[in-house]
Amino acid sequence: MSRQREVLQWIAFLGLGTLTQLAFKWGGTELEGIEFGQQWFDAMVRTPAVGIAITGYIAMFVLWLVILQRTELNRAFSMTGLIYVTVPASAWAIFGEQIGWLRAAGIALIIVGVGLMGREH
């Protein structure tokens, strides 16, 4: 597989993963105030964000299998850690969620760790 294609697959995977988590958050906020039970379940089924999130998980599953066809599991799995970078950054940008200095330091360590693991290949 070409390096360009591999990079595109990872961009797609991280994008889908981030979109999926943002859709879950959106869906959760749409369900706020509804007591868990039949009414909550009925509202969840009708919430577009939940459908987007489920579709995102299915698409991620398919893309994950494609990635694993030609990538070692230990390398591929470590790359998924970048979702811990993209999701908080996106939640900050879209939902206004705060990222304290300790969490920011953790995100920086994840970036460094993934970079170090990637240098082996």
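Predicted model: local features only at pLDDT ≥ 70, side-chain atom pairs only at ≥ 80, totals over all residues.
Let me begin with a term: a residue is called buried under 20% relative accessible area, exposed over 50%, and partly exposed in between.

A pair of aromatic rings is described by the distance of the centres and the angle of the planes. The structure holds five aromatic pairs. One of them joins Trp 10 and Trp 64, with 6.3 Å from centre to centre and 75° between the planes, an edge-to-face arrangement. Trp 10 belongs to helix α1, residues 3-30, and Trp 64 to helix α3, residues 48-70, so this pair ties together parts that are 54 residues apart in sequence.

How accessible are these two residues, buried or exposed? Trp 10 is buried, with a relative accessible area of 7%. Trp 64 is buried as well, at 19%; the value falls under the 20% cut-off, and the residue therefore counts as buried.

I turn now to Phe 24 and Tyr 57. Their ring centres are 5.3 Å apart and their planes stand at 55°, so the pair is tilted. Phe 24 lies in helix α1 and Tyr 57 in helix α3, so parts that are 33 residues apart in sequence are tied together by this pair.

Finally, a word on clustering. Ring pairs link Trp 10 and Trp 64 with Phe 13 into a cluster.

Conventions: Residues numbered from 1 in each chain as written. Heavy atoms only, no water. Phe/Tyr/Trp six-rings, centres within 6.5 Å; stacked < 30°, edge-to-face > 60°. Helix = DSSP H or I, 4+ residues; strand = E, 2+ residues; numbered from the N terminus. Buried < 20%, exposed > 50% of the residue type's maximum accessible area, 1.4 Å probe, protein only.
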